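Here is a short tour of two spots in a protein model. Have the structure open and follow along as you read.

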Amino acid sequence: MRRRTRSASQCLRARPRMDGGRAPREERKRKRRGGRTTERGEESWGRKRPRGAPAGAPAEVEDRADYFDGLPDDLVVSVLSKLSSSARRPLDLISAMLTCKRFHGLGHHPLVLSKVSAGCLGVRANTWSDSSHRFLKRCADCGNLEASYMLGMIRFYALENRGSGASLMARAAIGSNPAALYSLSVIQFNGSGGSKNDKDLRAGVALCARAAFLGHVDALRELGHCLQDGYGVRRNVAEGRRFLVQANARELAAAMTSWPAWQKQPRQAAAAAGATSPGCCPLLSDYGWNVPAPAPHPANRFLVEWFRERGWPAPAAAEGLRLCSYSGCGRPETRRHEFRRCSVCGVVNYCSRACQALDWKLSHKSECVPTDLQALDGDGDPAGDDVAPAIEGAAGTD
């Protein structure tokens, strides 16, 4: 039988394709685009394989693989702790916790809650709710001293839960929180939450001295006036003035670190000329400086807003209760005539000498007019548990 053989031209001739010759062209296009074929026969165009996925992993495994999931929880908790300690407002931490479920879960870790800053804990009175109360309570239970102090102030003065509030502030004071130590000293000086006989001046001076040692400016100023007046401690005018100058020096240092250089010169020149800028407090006139009034602590800001929204002092007028006249304090009286009145006009009253010194330099110096104190009390009661001496010349700043 004759065998059929191919010629050379027939061997070199391309075979006809059923797809019309389009397959090689499509293959070349796919390779140029960087696509690859998966085990299912599907093509994945231009997608890089994640680092955490194995080389031969299916497409579903490659899509689910996330490098963030491989981070240990301790590292994420450490990052959230740094965020909570440096946050300036509650929204900073809340936004991070709403990012994903893992952040939300680890954001409630005790280490994160124990590091929350005072600015992040600064709830406002108009947004106060049970959830805000629970958040502060949880932070306090985790060992956050600022949360213990803030919740103690809110319970003691705003919610009128004296025992629980005082215990929370005492917990923060045991942890050497300066603001809590100073607040407890004010309570001891005034006998807040009790009667006039509950005042303990020596305990107030001791707490104030501890807060001053930790650098609390208001405690330094309060201790200086106590030494100058002999209030709860042996009188020592020179030592009291030294504490007052030290408080002013700390204010000056804080002002210099917080202001840009271009803002310093105009204010210094205005202070040297004897002019006071609007909203400024010339407590540093010894140094030729007029600085803005110090920003109140978030706890004091809460008290100011809380009682302002409730129309104080109108609701308490029938009971004869008053608020501290310094706008950045917010402390109310817990009994009649608890706070000390100005010995000159008798119109304003203060919870402490530090608040009196700040308000005197800020506004009351230009408003104080001598008045008969007995004429202010129609029922013949004394002007108060104590009459605050005039602060003129005692602050060490005139």
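The notes below look at a pocket and then at a pair of packed helices. Please keep in mind that this is a predicted model.

**The pocket**

Let us begin with the second largest pocket, which has a volume of about 360 Å³. Its lining is made up of 13 residues. To find the middle of this pocket, look for P90, I94, V123, S132 and F135, the lining residues that lie nearest its centre. Two helices, α5 (90-97) and α8 (130-141), each supply at least two residues of the lining. Of the contributors, α5 gives the most, with four residues.

Two packed helices are described by the angle between their axes and the distance between the axes. For α9 and α16, the axes come within 9 Å and cross at roughly 30°. Angles under 35 degrees count as roughly parallel, so α9 is roughly parallel to α16. The crossing of these two helices is right-handed.

Which residues of α9 and α16 make the contact? They are set out here by helix.

| Helix | Residues in the contact |
|---|---|
| α9 | Y149, M150, M153, I154, Y157 and A158 |
| α16 | P298, A299, N300, F302, L303, W306 and F307 |

By class, the residues of this contact divide into twelve nonpolar and one polar, with no charged residue.

Notes. Residues are numbered from 1 along each chain as its sequence is written. This is a predicted model: local features need pLDDT of at least 70, side-chain atom pairs count only at pLDDT 80 or more; totals for chains, interfaces and linings use all residues. Side-chain values use heavy atoms; hydrogens and water are left out. On a 1 Å grid over the protein atoms alone, a cavity is a set of points where a 1.4 Å probe fits but cannot get out, and a pocket is an open set with protein on both sides within 12 Å along at least five of seven lines; lining residues have an atom within 4 Å of a point. Grid points are joined across faces, edges and corners, and a volume is the space filled by probe spheres set on the points. Axes are lines fitted to C-alpha atoms, for helices over the stretch in contact, and angles run from 0 to 180 degrees between N-to-C directions. Angles under 35 degrees count as roughly parallel, over 145 as roughly antiparallel, 65 to 115 as roughly perpendicular and the rest as oblique. A crossing is left-handed if the near helix is turned anticlockwise from the far one by less than a right angle, and right-handed if clockwise. Contact means heavy atoms within 4.5 Å. Ala, Val, Leu, Ile, Met, Phe, Trp, Tyr, Cys and Pro count as nonpolar, Asp, Glu, Lys and Arg as charged, and the others, Gly among them, as polar.
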